[in-house]
Every structure is written in structure tokens, then in C-alpha cells.
Amino acid sequence: MKSIVIFYSRSGRTKVVAEKISEVLSCDKEEILDYKNRKGIIGWLYAGRDAFKKKLTEIKPISKDLRSYENIIIGTPVWAGNITPAIRTFVKNYYDQFNQVTFFCTMGGSGDKKVFQELEILCNKKPLKKLAIKSFDISSGKYELKIKDCFR
């Protein structure tokens with residue numbers, strides 16, 4: 001199945017997971033870039049507020065034709081129990097080009113169920129798979145095994 005990993009990452013943790021999924025599946029990947037500055041403590045605070053309020057943001061247009069992929073693997077960090085504004089905007093702008101979807105998220109502790117429910121509603125599709133990775137799994141290296149188990 002031809003897949004692509006589409007993800008947003010502020011801190012780099014979601015990017016690490018996205019790159020590993022891309023490697024395991026030997027598939028393309030594309031990072032969603034948010035034009036809003038979300039660096040530092042102020043950026044972190046605004047990021048959480050924007051996610052909580054379910055705001056959209058301005059993102060860089062993607063370079064790939066999503067219609068040519070059978071499966072769009074969408075990855076987001078969990079911010080304030082929600083999808084990031086960048087991924088919310090990506091889905092809103094491109095959902096009509098998705099064939100099938102898979103979701104993954106990275107998080108400090110919880111929020112994956114709510115994030116996956118909302119992604120399913122926004123995409124108007126049930127995902128093939130869902131994968132939640134905690135920050136501890138990334139720092140300990142356990143995320144690699146979880147990815148391999150999920151994508152066998």
C-alpha cells in the first residue's frame with residue numbers, strides 16, 4: 001500500500017516518530033510547517049491556548065499530491081488535550097484528497113482517545129490504525145518496537 005506520513009512537530013518528538021514510521025514502511029513523509037512562531041515558553045503557551053480553542057493557523061502548502069497515496073498517516077502532538085492547529089488546518093484543507101487514513105500522536109501522558117476521535121470526525125473516515133506514543137517511550141527507545149508492532 002502506497003503511504004505517506006504527514007506530521008507536525010514543535011519539539012521534535014513527533015518528527016522522530018514520523019521518521020521511524022517512514023523508515024519502517026519505506027514510504028514518503030512530509031512535515032507540516034506552521035507559519036506562526038511557537039518557539040520558547042511564550043510560543044508554548046500560545047500553542048496550548050490555540051489548540052484548546054481549536055484554532056486554525058496558516059501552514060505552508062504541501063508539495064505532494066495526496067490523491068496518489070492509498071494511506072495518509074497523520075501525526076500530531078497532543079496539546080492541551082487537542083490536535084495541534086497545524087494538523088487541524090492540514091486536515092481541513094486536504095481531507096477530501098484522503099483515500100484511507102492512519103493516525104498517530106505523541107503525548108506527555110494522555111489525550112490520545114480524544115485526539116483520535118476528533119481526527120476521525122475531521123477526516124470523515126475511520127482510521128486503518130491508531131498509534132499513541134508517550135514522551136517516555138521516545139526517550140527510552142520503546143517507540144521503535146511500538147511502531148514495528150503497529151505496522152506489521
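The dialogue below treats the pockets, then a surface patch.

Guide: This is a predicted model, in which local features need pLDDT of at least 70, side-chain atom pairs count only at pLDDT 80 or more, and totals for chains, interfaces and linings use all residues. Residues are numbered from 1 along each chain as its sequence is written, and side-chain values use heavy atoms, with hydrogens and water left out.

Visitor: How much space lies in the largest pocket?

Guide: Rolling a probe the size of a water molecule over the atoms shows where empty space is left. On a 1 Å grid over the protein atoms alone, a pocket is an open set of points where a 1.4 Å probe fits, with protein on both sides within 12 Å along at least five of seven lines; lining residues have an atom within 4 Å of a point. The volume is the space filled by probe spheres set on the points, which are joined across faces, edges and corners. Here the largest pocket holds about 320 Å³. It is lined by 17 residues, and Arg-13, Trp-44, Pro-77, Val-78 and Trp-79 are the closest to its centre.

Visitor: Which residues line the second largest pocket?

Guide: They are Tyr-8, Ser-9, Arg-10, Glu-31, Ile-32, Leu-33, Asp-34, Lys-36, Asn-37, Arg-38 and Lys-39, around a volume of about 180 Å³.

Visitor: Which residues make the nonpolar surface patch?

Guide: Such a patch joins nonpolar side chains (Val, Leu, Ile, Met, Phe, Trp, Tyr) within 5 Å, from residues with over 30% relative accessible area (Shrake-Rupley method, 1.4 Å probe, only the protein chains shown counting as cover). Ile-41, Ile-42, Trp-44, Leu-45 and Tyr-46 make a patch of about 560 Å².

How values were computed. Patches are made of residues with over 30% relative accessible area and no salt bridge: like charges are joined within 9 Å, nonpolar side chains (Val, Leu, Ile, Met, Phe, Trp, Tyr) within 5 Å. A salt bridge is a side-chain nitrogen of Lys or Arg within 4 Å of a carboxyl oxygen of Asp or Glu.
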